[in-house]
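Q: I am new to this structure and would be grateful for a close look at a single part of it.

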Amino acid sequence: MVEFRDAPQSGSPLPQPRSMTPPDKVWVTGGGERYHADRSCRSLLEGRGKAVENGFVSRMGRWLALYAAQRQEREPCRTCYVPRFGLAPSLVETRVPAATRLRVDDLPIYHLTHVRNLPAIVQDKQLFADANLEWHARPLVDISSEATRTVRRAKQVNDPSSFVADFVPFSLTRESGILRSIIGRRPDPRLGRTANLLVVNDFVRFVSSIHQLKEWRREASADYAPTFILAQGDGAHSDTRFGGRVLEFVERGRHAAALSVEAERLRQAELLVRDRFPFRRIQSIEVQNETTRRCVLGVLAPLSDPPEVVLSRFDRP
Ligand SMILES: [Zn+2]
């Protein structure tokens, strides 16, 4: 519902017809207090000119979810937004209901690998990042294509000294983008040429959580402090932003419509853990059938405290 706070005075021009559905994205700038429907809005450009004149650095803007802009207590721009969508787009509809609010520690993280890679991971007691030199053996079955690995080794993560390949990637959803490509046998630049020969039943999915990451960090030694960073999309993609709050990002994606940009961004997103991830921090291993389950149990047999092995269809979220 759109509320008309400023009823037009008699004699003043009639308001423009207003759309009932506000856009799900609005344009904001770092220094601005408003959000805009239009990135080339006249008052936005004037404001930027003034900021530069007064010696302020005018930062470039970005698209932001409407509810996020409202949460930052920004007001709709009266030049480009209000005439089209009204003054007070409903906050109620876009607010995340309290009952479904998550805690960051409860967030699961997933890592997909081929079952043939499991023995080396168990022997190393670690998942190693691609660029880590401590590998006992390179993964037998590398899911990614050579091209993807090259891009990830060259793609910087915020500070110039680290690259996407320096991190172990986890997804924040059960059904990650890459898994969907494997299941659907869709061409995906991230997958190697042999990937379409792989059988999805031979994949296993490690499940851990942000809580496990934090516990690991809490007990870490002085000479090794684990770090992790959010990639708000495919880590190798040129548009992907690094950093930001994991919980907010996941909430936004989960509450977005299934086909929206935000939901897709969540499916592609990666939680990047620097250098390595300890195998004992994996809480369960999901497998798709009994054959793979027996195979995994065989590999885990020598361990005193192995993760649970769980049957779980990968095509069901
Ligand atoms: Zn505007």
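Leaving aside its neighbours within four places in sequence, which residues is L112 in contact with?

A: The model is a predicted one, in which local features need pLDDT of at least 70, side-chain atom pairs count only at pLDDT 80 or more, and totals for chains, interfaces and linings use all residues. Residues are numbered from 1 along each chain as its sequence is written.

Once neighbours within four places in sequence are set aside, L112 is in contact with S176, I178, L179, F203 and R205; two residues are in contact if their C-beta atoms, placed from the backbone, lie within 7 Å. L112 belongs to strand 5, and H111 is found in strand 5 as well, which covers residues 108–114. Strands (E, at least two residues) are DSSP runs, numbered from the N terminus.

L112 counts as partly exposed because it has 18 C-beta neighbours inside 10 Å. H111, by contrast, is buried, since 22 other C-beta atoms lie within 10 Å. The term buried requires 20 or more other C-beta atoms within 10 Å of the residue's own, exposed means 12 or fewer, and partly exposed lies in between, with C-beta atoms placed from the backbone.

An unreviewed UniProt entry carries the annotation "binding site" for H111, L112, T113 and R152. UniProt positions are given in the numbering used here, feature names are shortened, and annotations may be inferred rather than shown by experiment.

Definitions and conventions: Helices (H or I, at least four residues) and strands (E, at least two) are DSSP runs, numbered from the N terminus.
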